[in-house]
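User: Hi! I'd like to learn how to read salt bridges in a protein model. Could you walk me through them?

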Amino acid sequence: MRKSINDKALEVQGRFFEALDLAIELGRYDSLQDFCNQHDFNRTKYSWIRSYLDKPLEEMRYKMIDIDALTAIVVDFNVSADWLLTGRGKMLKKD
């Protein structure tokens with residue numbers, strides 16, 4: 001049985017990488033590799049997912065980011081969990 005990913009999950013992944021890119025731009029992380037190293041995530045997996053977000057599922061080696069990665073970006077960079085999961089509201093929570 002082939003695993004499928006619904007559109008909502010793909011949107012969450014897109015928002016995750018949007019937040020991660022901002023975190024890198026603002027200096028919270030040096031790079032995707034730095035984020036992965038800090039949290040013991042598989043950098044190859046995350047690089048692959050990022051580069052295949054807009055490609056057909058059949059071409060994807062890795063399908064989904066880890067729930068732990070969602071938690072990490074929320075905790076480390078003050079990302080709104082509501083925005084990350086639903087797209088509602090602003091990306092960053094107020095301090």
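This is a predicted model: local features need pLDDT of at least 70, side-chain atom pairs count only at pLDDT 80 or more; totals for chains, interfaces and linings use all residues.

User: How many salt bridges does a search of the whole structure find?

Analyst: The search finds four. To spot one, look for a side-chain nitrogen of Lys or Arg within 4 Å of a carboxyl oxygen of Asp or Glu. One of them joins Arg-50 and Asp-21, at 2.2 Å from N to O. Arg-50 belongs to helix α3 (residues 43–51) and Asp-21 to helix α1 (residues 7–25), so this pair ties together parts 29 residues apart in sequence.

User: Which residue does Asp-76 meet in a salt bridge?

Analyst: Its partner is Arg-28, at 3.5 Å from N to O. This pair links distant parts of the chain, 48 residues apart: Asp-76 is in helix α4 (residues 67–77), and Arg-28 is in the loop between α1 and α2 (32–39). Asp-76 is partly exposed at 23%, and Arg-28 is partly exposed at 31%.

User: And where do Lys-45 and Asp-66 lie?

Analyst: Lys-45 is in helix α3 and Asp-66 in the loop between α3 and α4, so their bridge ties together parts 21 residues apart in sequence. Their N to O distance is 3.2 Å.

User: Is Lys-45 buried or exposed?

Analyst: Buried means under 20% relative accessible area. Lys-45 has 15%, so Lys-45 counts as buried, whereas Asp-66 is partly exposed at 29%.

Definitions and conventions. Residues are numbered from 1 along each chain as its sequence is written. Side-chain values use heavy atoms; hydrogens and water are left out. Helices (H or I, at least four residues) and strands (E, at least two) are DSSP runs, numbered from the N terminus. Buried means under 20% relative accessible area, exposed over 50%, partly exposed in between (1.4 Å probe, protein chains only).
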